[in-house]
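Please work through the exercises below with the sequence and the structure side by side, trying each task before reading its solution.

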Amino acid sequence: MRLLAAIDVGTNTVRMLVAAKEGGRLRPVLRRRRITGLGKSLRENGAIGEKEFRDSIAALREFRREMDALGAARYRACATAGLREASNRDAFLSAAEGKGVSVEIISAREEARLTWEGVAGHAKAGGGALVMDIGGGSTEFIAGPKEGDSISLPIGVVVLLGSFRLSDPPLRTELRNLAYFLADRIAAGTRGWRRRTFRRMVGTAGTFTTLAALDMRMKAYRPERIDGFRMDVSAVRRWEKRLCRLPEAERLRLPGMEKGRERYIVPGVIQALSAMEIFGLSNLYISDSGLLEGILRGIANGKGEGG
């Protein structure tokens, strides 16, 4: 049994997935995630804040130790929008290297391709599917693995809240302004896809998996139940209304809400609903698989660093 590890250094969350390669199959062995808010200060000063820097490096150090304890043969660590933008990214890469993790900053195009590869075969992906990946720094719309099949917009939930200050709970005027901004950016950014025909949306990453967990009142996260879970647009709309009127402390008490996600779920669900309405899609399928699984597939085909 050969173990492979994928790490995603995201704008809000640092994640790791270790899987065993068994023939042509990858079987998950260990999942880890730490919400570090790496990109929280990006809109304010263009750099990763001191605390977020420390917390993210500490997460990578912890992941390195777990990889070593398991005996992972190869790994690949990829960073996305937060590090693409951060002025102190070189210092971060050096600090990560010092903890034994070589981090590669990937382009938005590569991020989209890997996400598609990870989602493919899961949650009704394939012909007619529009994949939406709401991250902390950017949101990707993906229709396939080829050039021109993806659009990246700088509307991730962490950077949004750096520009749009929301009260707790948010005021109606604040929510209206945010919803108008998101609808405008999504409509303008995807205008070139109006002639494409999509039959369903496939949502990946924390906003969508949290919506599924909330809808199932899931007290302990179970990825096998999340993967392929279907919600119609009316259910997404109900959750948007409910989450927007609750203060953060009450959101956190909801079964299915992950600690650290209670603040960012509001801009996430607003843009998810906005995209479904813009594309006229009534069905949403949730994918627990995404970028990490795409990275793993690449490692299995020879990418990555020796353990």
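A residue counts as buried when its relative accessible area is under 20% and as exposed when that area is over 50%. The model used here is a predicted one.

**Exercise 1.** Locate Arg 261 and decide whether Arg 261 is buried or exposed.

*Solution.* Begin with the position: Arg 261 sits in the loop between helix H11 (248–252) and H12. Next take the relative accessibility, which is 6% for Arg 261, and because this is under 20%, the residue counts as buried. Finally, look at the surroundings: when neighbours within four places in sequence are left aside, the contacts of Arg 261 are Asn 12, Thr 13, Arg 33, Ile 35, Gly 206, Thr 207 and Thr 210.

**Exercise 2.** Describe the setting of Gln 271, and find the backbone oxygen that lies 2.9 Å from a polar atom of its side chain.

*Solution.* Gln 271 belongs to helix H12 (residues 265–279), and with a relative accessibility of 0% it counts as buried. The backbone oxygen in question is that of Ile 155. Beyond four places in sequence, Gln 271 also touches other residues, among them Met 132, Thr 139, Leu 182 and Ile 186.

**Exercise 3.** Determine how helix H7 (residues 172–189) is oriented against H12.

*Solution.* The two axes are 9 Å apart and form an angle of about 45°, and H7 and H12 are therefore oblique to each other. The crossing of H7 over H12 is right-handed. Residues making this contact include Leu 182 and Ile 186 of H7 and Gln 271 of H12; by class, the contact has 12 nonpolar residues, two polar and no charged.

Definitions and conventions:
Residues numbered from 1 in each chain as written. Predicted model: local features only at pLDDT ≥ 70, side-chain atom pairs only at ≥ 80, totals over all residues. Heavy atoms only, no water. Helix = DSSP H or I, 4+ residues; strand = E, 2+ residues; numbered from the N terminus. Buried < 20%, exposed > 50% of the residue type's maximum accessible area, 1.4 Å probe, protein only. Polar contact = N/O pair within 3.5 Å; in protein donor to acceptor, adjacent residues only side chain to side chain. Contact = heavy atoms within 4.5 Å. Axes fitted to C-alpha atoms, helices over the stretch in contact; angles between N-to-C directions. Parallel < 35°, antiparallel > 145°, perpendicular 65-115°, else oblique. Left-handed = near helix turned anticlockwise from the far one by under 90°. Nonpolar A, V, L, I, M, F, W, Y, C, P; charged D, E, K, R; others polar.
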